[in-house]
Amino acid sequence: MQVSITVNGQQRTDEVEPRLLLAHYLRETCGLTATNIGCDSTSCGACTVVVDGLSVKSCTVLAAQADGAQVTTLEGLAGSDGELHPVQAAFRAEHGLQCGFCTSGMVMAAIGVLADNPDPTDREVREGLEGNLCRCTGYHNIVRAVRTAAQAGPAAGQVPQAQEVVQ
Amino acid sequence: MIPAPFEYVKVASVDEALSALAEHGEDAKLLAGGHSLLPIMKLRLAIPSALIDISGIADLSYVRVEGDGADAIVAIGAGTRHYELERDEVARAEVPMLPHVAGRVGDPQVRHRGTIGGTTAHSDPASDLPTALLALGGTVVLQGPGGRREVPVTEFWTGFFETAMSPDEMVVELRVPRTGSTGWGYEKFTRRENDWPIVAAAAVGSRGGGAGGPLRVALANMAGTVLRATATEEALAGGASIAEAAELADQGTSPGADMHADADYRRHLARLLTRRALETAAGAA
């Protein structure tokens with residue numbers, strides 16, 4: 001079947017099998033490998049991307065279900081001049097990663113948290129990220145990074161291409 | 001993990017969905033949020049020949065009140081996603097346990113996809129919203145080739161992944177009595193916040209009866225289906241204290257054992273969580 005999906009602002013049309021998962025579409029068809037596959041069972045959140053403004057786990061969405069949608073991956077966050085998105089910048093500044101495997105999903109989920117609540121408490125960040133696991137257990141700095149990102153204002157809760165992130 | 005091949009059909013209306021079900025037969029499955037179906041397809045526990053995607057049916061997502069006074073019903077479209085129900089102002093005012101429980105399902109990413117009709121049709125005994133629906137009472141509205149029919153929630157879930165629905169029908173709406181300010185409580189025990197409940201208890205109603213009806217208790221993951229704690233309900237109706245009645249919560253249940261908990265521990269949790277849910281319901285009443 002044919003799907004037409006706007007990935008990081010670029011519309012593309014691809015021939016896919018109906019059973020192709022969005023995570024595999026992004027990694028293998030589009031070559032965007034920032035989206036990691038961890039548990040492959042909707043638990044760990046490493047594959048989190050933003051679809052039509054909502055954070056989702058792309059291992060549990062078919063590419064077919066994203067037909068006609070706007071999808072943003074980690075690669076779509078930085079500006080064309082390389083300027084990091086406020087959440088990316090805050091993860092770097094606050095050392096919000098150790099091995100880095102969960103980071104793509106954490107950043108995409110954190111944007112959703114900040115869209116819903118522009119100035120969350122530590123507890124609200126932890127509850128908002130309940131769908132994302134860090135095997136390094138680096139949660140302390142991840143929470144600090146999200147709160148730091150919040151200081152950047154509304155841009156921290158938005159993805160580029162003027163998409164609205166609604167949580 | 002990759003599902004077995006299937007045919008994908010996207011439909012734009014309930015009529016189209018029913019036609020596609022009739023055409024593709026018993027091996028077809030409806031796809032809404034896919035957060036129950038796709039995981040078991042990836043494990044090859046389900047191998048449907050066709051998926052009929054109903055997520056594009058716009059008029060299946062709503063929450064509205066029908067009727068007024070003691071007979072008022074809150075009608076929820078089957079396609080309403082958990083995050084929509086969680087934030088819905090009508091639901092929060094008229095039947096507040098449901099949006100609260102919707103917010104306890106999985107995690108934010110799961111709640112962005114999952115629907116109340118999907119979790120109802122899936123009939124997993126460890127599901128949050130069916131537990132709340134069973135405590136609230138009301139009906140599941142099905143639509144099939146012969147039209148619409150309503151099945152009471154007490155008769156809908158018939159077994160593990162089994163319901164009173166025919167293969168040519170689909171869930172189109174949930175109807176629950178308005179509870180307003182009636183007390184309620186929902187207690188869920190998990191190892192991680194985004195897990196399925198190891199056991200959960202939902203309580204709603206009041207001792208005097210009245211608008212919200214008498215106290216009812218429903219349990220998750222204590223048998224092959226969500227089920228009511230009838231011994232507890234009868235004891236409460238007979239004047240027993242909450243503590244006394246909650247001690248009977250595991251009567252008539254048949255919990256399984258797995259890596260999370262053995263059957264005895266689940267029985268303990270059912271009694272404890274029932275007591276806490278009833279205390280919360282009584283305190284808020």
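Domain bounds, as used here, come from an automatic or database domain assignment. For chain A, this assignment gives domain 1 (2–76) and domain 2 (86–157). The structure is a predicted model, in which local features need pLDDT of at least 70 and side-chain atom pairs count only at pLDDT 80 or more, whereas totals for chains, interfaces and linings use all residues. Residues are numbered from 1 along each chain as its sequence is written, chains are lettered from A and ligands numbered from 1 in the order in which they are written, and side-chain values use heavy atoms, with hydrogens and water left out.

In chain A, the C-alpha centres of domain 1 and domain 2 lie 21 Å apart. Contact, meaning heavy atoms within 4.5 Å, links 16 residues of domain 1 of chain A with ten residues of domain 2 of chain A. Helices (H or I, at least four residues) and strands (E, at least two) are DSSP runs, numbered from the N terminus. A:Ser58 is found in the loop between strand E4 (54–57) and E5 of chain A, and A:Ser58 counts as buried because its relative accessible area is 0%, where buried means under 20% relative accessible area, exposed over 50% and partly exposed in between (1.4 Å probe, protein chains only). Apart from residues up to four places away in sequence, A:Ser58 touches A:Leu21, A:Leu22, A:Ala23, A:Thr35, A:Cys47 and A:Val49. A:Gly79, which is in the loop between strand E5 (70–72) and helix H2 (86–93) of chain A, is partly exposed, with a relative accessible area of 33%.

The domain assignment of chain B gives domain 1 (7–53), domain 2 (58–177) and domain 3 (184–284), and the centres of domain 1 and domain 3 of chain B, taken over C-alpha atoms, are separated by 34 Å. A nonpolar core is a set of buried Ala, Val, Leu, Ile, Met, Phe, Trp, Tyr and Cys residues joined through side-chain atoms within 4.5 Å. The largest such core has 36 residues, of which B:Leu85, B:Met97, B:Leu98, B:Leu129, B:Leu133 and B:Val176 touch the most other members. Helix H8 (128–136) and strand E10 (170–177) of chain B are among the elements that each supply at least two residues of this core, and H8(B) gives the most, with six residues. At least three residues of this core come from each of domain 2 and domain 3 of chain B.

Leaving aside neighbours within four places in sequence, B:Leu133 is in contact with several residues, including B:Leu98, B:Thr120 and B:Val176. B:Thr120 is located in helix H7 (residues 116–122) of chain B and counts as buried because its relative accessibility is 0%.

The second largest pocket has a volume of about 770 Å³. On a 1 Å grid over the protein atoms alone, a pocket is an open set of points where a 1.4 Å probe fits, with protein on both sides within 12 Å along at least five of seven lines, and lining residues have an atom within 4 Å of a point. Grid points are joined across faces, edges and corners, and a volume is the space filled by probe spheres set on the points. Of the 30 lining residues, the closest to the pocket centre are A:Arg126, A:Glu127, A:Gly128, A:Leu129 and A:Glu130. The largest share of the lining, six residues, comes from H4(A).
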